[in-house]
Amino acid sequence: MLKIDGLEAEIEGKQILKGLNLEVKPGEIHAVMGPNGSGKSTLASVLAGREEYEVTGGSVDFLEKDLLDLAPEERAGEGVFLAFQYPVEIPGVSNINFIKTAVNEVRDYRGLPAMETKEFMAHLKEKQKLVKLSGKLANRSVNEGFSGGEKKRNEIFQMAMLEPKLGVLDETDSGLDIDALRIVASGVNELKSSKNAFVVITHYQRLLDYIVPDFVHVLYDGKIVKTGSKELALELEEKGYDWIIEEIEGKS
Amino acid sequence: MATITLTDKDRFLINQEGQDFSHEAKTFIKIRELALKNLKGLDFPTRKLEDWKYTNLREVSKTEFRPQTAVNIIEEKIKAHKIPNLDAYVLVFVNGFFAPKFSNTVEEKDGDFIVTNLNKAKKDFIKLVEPHLGFQTRAKDQFFVNLNSAFSQDGGFIYVKSKAVLDKPVHIINLVDGDLVASYPRNLIVAEKSAKAKVVVSYETIDSNSALSNVINEVVVAEGANVILDKIQNENSNTYHIGADFATQQKDSIFTINTIPANAKLIRNNLNIVINGTNSVANLYGAICLNGDIHVDNQTFVDHAKPNCESNELYKTVVNDSATSIFNGKIYVNQIAQKTNAFQSNANILLSDDARANSKPQLEIYADDVKCSHGCTIGQFDNEALFYLKSRGIREEVAQKVLLDAFIGEVLDNIEEEPVRKYVDQLIADNFNSKN
């Protein structure tokens, strides 16, 4: 589904990703962990198409298309969804209008007719339930005045509405209490199928208690330096990253 | 041999003559004579004047505009300028002259309100017109105000009796048809004690290669009255539009004006509000979305003359292409106007490198127990918000439109009549697209 090969990217002349490889197949959940500054959020940003990041090498294939060649909105249309680490507040745009516009834009991209209001509302209610998002938030401005937990649940809600093939969760667990974490995780688990995949970027292991990964990757200095099973995450939680860094730097 | 050198102004004024006002009552002729006298000592404002710093009228002074009646006005042409689905009393003026065939007047002497043309009212309702007409426009130093006072052909007259409510909005449609047309429409709106009125005034073009519209709206808001005025300026790109709005409020009154300058070659608005009674509220809203090379200059003045009053001013501007927007807002708080709450804000978004916005918010406060704030911003749409929308599959142009609606919507939400709101939404949406 997703094949990242030798990806190099920089921001403001500073190279962050230095030859990153990652392959994700349908039905899989991949966790990407790593110390601060290793390039986790850069990976998410590059996949979503943030303009500030310049790709200087490597390739990203998504369902046989060159993802890097597509505009952010086209990537969403193709089925890539990024759950933001810091969801953006948009005053004056109601959450419901926003999501309706997004759903119909994506449907249009996929050659589907716009959703009828009745069908849309039914869909909306079902997905709100999934992440226990209050119906009251629908008429509020996007993310404005939302609590940290509400913002993150709103991200998962949008993901549920847009039905992506690949969900990239950028530190969705940051700033969440344990209840919100559970809700977010169960939302992801409900959405999980044999046809879609998730890349879960996280600093801590605790999210992975609820979203169980098939693979855990350690990102360090712009590269994936170690890949293992979910047990690797536990080991990182216990021992930190230093032993891996030592291992790498010892080798070189 | 003596030679007389005519200035541009002299030539311009000569072109405006030839209208016969001799049938008018003396009291109204006096207004015209006084204005003509003032004009003798005045000239076209130049950019040397602080309030005209950004707006150049040289071309107006050199163009042979003159009053002209329109010919062959047919229903079809008027229809296009009505607001769809708006249930209103409609008054139509073409080139400043009343078009009774396309208007519906209400003139019962013992009715709750009068909706007619000003010339008719000057004859039939002289006692209602006389105390108010020209009362607020006596400033000797305003060239264009005096020009309208001297040469105004006609306009709408709306009078709402004490405690009465105008059951439907009045829509005054001002149209221009013909080349080198000078129109001087002038509306007088009087809401007596505790009366209520909603008025929409629109300015549009049937067909013209060049025109000058010099317009005035005079609004009288008596004790406890509530007047809402929506002003839609949407003439063609060959038109110079120079307007002034005057409102005086007595105690416990509310006056709201929504200004929507959408199209013309140049638009200049001078808005003057005097809050002359306690516990009153003035609302001034401007929704401005510009493209092409239009030049729009909004000057507002709120005079807090009495204590315990409130003014809310919000002007929001989106400028595309090489268009220019100017905002110069002044709030004056008199020494006795304690407990004044005055808010003024002007926010501008520039969409292109050649777009310009000049903003000058001003407060002049002589009372010591007041709450006043003012501010202006000039910037672009929030890139983070744009990226967020795009990352959800929303195309760039749709995302921009979503942010536009959110930005301008805050102002447009003050337009109460749904059909008017829809009409204005469409004007703004059209202007949001680049003309280049």
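Biologist: Which residue of β4(B) does F113(B) stand opposite?

Modeller: Let me say first that this is a predicted model, in which local features need pLDDT of at least 70 and side-chain atom pairs count only at pLDDT 80 or more, while totals for chains, interfaces and linings use all residues. Residues are numbered from 1 along each chain as its sequence is written, and chains are lettered from A and ligands numbered from 1 in the order in which they are written. Strand β3 (residues 113–117) and strand β4 (residues 156–160) of chain B pair in the antiparallel sense over five bridges, where strands are DSSP runs (E, at least two residues; helices are H or I, at least four), numbered from the N terminus, and two strands pair if DSSP finds at least two bridges between them. Within β4(B), the residue opposite F113(B) is V160(B).

Biologist: Why is β3(B) described as largely enclosed by the rest of the structure?

Modeller: A residue is buried if 20 or more other C-beta atoms lie within 10 Å of its own, exposed if 12 or fewer, and partly exposed in between, with C-beta atoms placed from the backbone. By that criterion β3(B) is largely enclosed because the buried residues number five of the five.

Biologist: Which strands form the edges of the open sheet of chain B?

Modeller: The sheet has 10 strands with mixed pairing, in the order β2-β1-β5-β8-β10-β12-β14-β16-β18-β20. Each edge strand pairs on one side only, and the two are β2 (97–98) and β20 (371–379) of chain B.

Biologist: In β10(B), what is the bridge partner of E204(B)?

Modeller: Strand β8 (residues 196–207) and strand β10 (residues 226–234) of chain B pair in the parallel sense, over nine bridges. The partner of E204(B) in β10(B) is N234(B).

Biologist: At about what angle to β16(B) does helix α9 of chain B run?

Modeller: Helix α9 (residues 396–412) lies across β14 (281–290), β16 (310–319) and β18 (341–350) of chain B. Axes are lines fitted to C-alpha atoms, for helices over the stretch in contact, and angles run from 0 to 180 degrees between N-to-C directions, while contact itself requires that the C-beta atoms of two residues, placed from the backbone, lie within 7 Å. On that convention, α9(B) runs relative to β16(B) at about 150°.

Biologist: Which helix gives the most to the side of chain A that touches chain B?

Modeller: Across this interface, 19 residues of chain A are in contact with 16 residues of chain B. Among the elements of chain A that each supply at least two residues to that side are β7 (90–94) and α3 (95–109). With five residues, the one that gives the most is α3(A).

Biologist: Is Y54(B) buried, exposed or partly exposed?

Modeller: Y54(B) lies in the loop between α2 (26–40) and α3 (58–62) of chain B. Leaving aside its neighbours within four places in sequence, Y54(B) is in contact with D297(B), I326(B) and N358(B). Because 16 other C-beta atoms lie within 10 Å, Y54(B) is partly exposed.
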